[in-house]
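Here is a short report for a first look. Keep the sequence and the structure at hand while reading.

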Amino acid sequence: MLSALSLIAVLATGPTTPTAPGVISYPPAFFAEQRPTTALDMVQRLPGFSLDGGDNVRGFEGSAGNVLIDGARPVSKTDDLEEILRRIPASQVEHVELIRGGAPGIDMQGKSILANVVRIKGGGFSGLVALANNTNTNGQSRTGLRLEATGQAGPGSWEGSLRYGQGLNDGAGPGPRVRLAPNGAPLILSDIDSHGQAYQWVGTGAYEAPLAGGKLRVNARGFWNWYDYNELDRIRFPVRALESSHYSEDEYEVELGGRFARDLGPRSQLELVGLQKLTGQDIVSPSRAPTSSSDFFLDKKTSETIGRGVLKYRLSDRMSFEAGAESALNILESETDILANGRPVILPAADVRVTEKRGELFGKAVWKPSPALTLETGLRYEGSALSSEGDVALEKTLYFAKPRVAAAWAPDDKTQLRLSYERVVGQLKFSDFVADSSPNRGGLAVGNPNLAPEQAWVAEAAVERRFWTKGAVVLTLRHSQLTDVIDRAPILAGGAYFDSPSNIGDGTKDELIFNATLPLDALLKGAQIRGETTWRRSEVTDPTTGEKREISNLKPNEWEAHFTHDLPQYRMSWGIDAFGAWRETSYRFNEVYTDKLKTFVIVFAEWKARPDLTVRAEVNNATERGFRHTQVVYDGPRGRAPLKYVDDRDIQFGRGLYVRVRKTFG
């Protein structure tokens with residue numbers, strides 16, 4: 001197990017740096033002032049660490065997040081990593097390990113830093129009941145309920161949870177709408193009144209027990225979500241009129257997974273993983289205006305079946321090897337219909353069935369030639385066969401080699417330099433294969449099954465400096481040289497142009513990421529600031545204009561900051577969470593969409609009235625930030641056609657009050 005890397009006994013008041021550099025163990029005492037309730041509370045306090053939930057891609061190998069549970073990845077793709085950590089009581093955590101830059105026997109999954117939550121064996125029964133309510137100044141109120149339990153059953157352990165929640169769309173609300181002509185004259189002045197809400201059920205269960213000299217873990221998850229959005233547009237100019245739109249989405253997910261691990265000797269281990277996932281999505285979106293109407297319908301179902309085997313061999317404490325194979329079968333069935341003024345519209349890829357058979361072979365090696373240096377190398381070779389039936393009939397086979405090399409050098413126990421270079425091949429999104437429509441986006445995006453995966457050579461360098469007991473700063477620079485960028489391009493069908501996902505050529509993406517954990521004990525005992533900011537620049541050639549521009553839907557700047565002040569003498573903590581303003585632009589052949597979200601601030605206080613009872617209160621959106629959507633429309637392809645109009649919406653959501661009461665048992 002990974003915890004064997006922690007070779008020095010846990011100290012009572014702080015982290016320990018084991019003999020293996022790059023691995024730091026944090027005992028429960030490190031988090032004592034915070035009085036954590038769950039493993040998530042502990043992971044979020046790790047110095048210099050930012051939680052990464054993984055990528056939403058098909059297959060198991062490339063979808064990993066940056067947290068391990070008892071040295072292994074959770075065998076789930078639909079279960080959110082934050083939710084998994086929330087279900088682990090802090091009382092059942094033995095310690096949390098931070099693996100920086102790699103270590104023998106650890107599959108870093110392409111990450112430069114991992115957290116490993118090591119649980120106490122045989123923790124006994126524990127349970128949780130939590131009730132929450134969220135109310136905003138627009139008069140909307142929603143509630144939530146969470147039930148969780150873990151325990152022992154025979155030679156194994158079990159866990160289960162049931163969660164019901166009602167959610168509010170904080171991008172909806174009242175606000176003005178203005179449509180301007182190219183000369184600035186108003187074409188439409190109106191008032192928007194929109195509301196979005198969701199109802200969700202989630203159930204999970206797992207059982208883990210010894211089997212055939214090894215250990216078997218099986219888990220299941222069921223998810224159902226219904227989302228409903230309504231918008232009224234009360235036009236005041238040039239004439240009084242009323243327009244309306246509605247968007248309803250009904251979706252479900254069912255997932256079964258299992259992992260069997262068995263030692264084949266003192267140095268080798270076999271791991272087998274199996275996973276089955278079924279999803280369904282049903283969308284109905286009608287829009288009505290005095291002189292026109294449209295209706296959008298989507299019925300989509302997908303399935304994914306994964307089998308994976310890995311053989312791990314540890315030659316010594318300084319060198320390890322890993323080899324394995326993964327296969328996957330993915331199926332998409334989708335039917336899209338749209339009516340314009342009651343008449344059907346001919347769409348590309350409206351009725352399709354896509355089948356993808358994927359296989360991957362991989363090998364990895366980790367070597368520590370010296371205590372200060374860790375080297376990692378690996379090669380993944382992927383092959384996939386795609387076929388499409390229905391409106392688009394095609395067959396194609398793709399092969400990609402994906403090498404990776406990485407190095408971590410620690411000149412002392414507080415400093416580490418990490419370098420990596422790899423080829424990353426993105427997976428084709430099934431959502432790009434079919435037509436889609438979103439509320440307030442002003443248009444329709446048709447599907448395109450004939451896509452090639454986006455590829456990139458990615459170079460990354462990171463330097464980390466740790467100070468005092470709880471302080472750390474990490475600066476990361478990442479450059480991606482892109483091929484077959486997937487963005488938007490025009491497609492001709494039925495004598496009309498539509499917007500479609502397409503491969504538009506080569507591009508670049510550069511990211512500078514700064515992560516910091518700064519203790520403020522010298523100024524305010526028990527206070528801390530944590531934060532991360534990303535500067536991102538991208539460039540690609542626009543397929544419509546031929547000019548250089550940024551890649552669609554990439555935020556140029558993102559940041560978040562968290563101030564916390566622990567008051568153990570009062571059994572409470574309070575703080576401020578701020579999520580920075582961002583801009584996101586999407587380019588279509590005759591339109592440009594820009595979404596802007598202003599800084600979102602949460603002020604919270606949490607009181608542990610008793611060891612088994614916690615009360616938390618939050619003021620959400622304390623700054624009453626709004627959501628702005630700007631649509632620039634041209635009278636034909638951009639670059640050749642004149643500007644037609646600019647449509648701008650400024651939606652205000654208002655503040656919210658969130659209260660949660662959590663009771664634990666055992």
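The notes below cover a group of strands, then one leucine.

## The model

This is a predicted model.

## Strand E14 and its partners

Start with strand E14, which spans residues 319–340. Strand E13 covers residues 292–316. E13 and E14 pair in the antiparallel sense, over 22 bridges. They form a hairpin, with 2 residues between them. One point to find on this pairing is Thr 305, whose bridge partner in E14 is Leu 329.

E14 also pairs with strand E16, residues 351–370. This pairing is antiparallel too and runs over 17 bridges. Look for Glu 326 here: its bridge partner in E16 is Glu 360.

Strand E15 consists of residues 343–344. It pairs with E14 in the antiparallel sense, over 2 bridges. Leu 339 has Pro 344 in E15 as its bridge partner.

E14 and E15 form a hairpin with 2 residues between the strands. In this hairpin, Asn 341 takes a positive phi near 55°.

## Leu 512 in strand E26

Now move to strand E26, residues 507–519, where Leu 512 lies. Leu 512 counts as partly exposed because its relative accessible area is 32%, between the cut-offs of 20% and 50%.

Which residues does Leu 512 touch, leaving out those up to four places away in sequence? They are Leu 475, Thr 476, Leu 477, Thr 533, Thr 534 and Trp 535. Trp 535 is 23 residues from Leu 512 along the chain, yet their C-alpha atoms are separated by 5.1 Å.

How values were computed. Residues are numbered from 1 along each chain as its sequence is written. This is a predicted model: local features need pLDDT of at least 70, side-chain atom pairs count only at pLDDT 80 or more; totals for chains, interfaces and linings use all residues. Side-chain values use heavy atoms; hydrogens and water are left out. Two strands pair if DSSP finds at least two bridges between them. Helices (H or I, at least four residues) and strands (E, at least two) are DSSP runs, numbered from the N terminus. Buried means under 20% relative accessible area, exposed over 50%, partly exposed in between (1.4 Å probe, protein chains only). Contact means heavy atoms within 4.5 Å.
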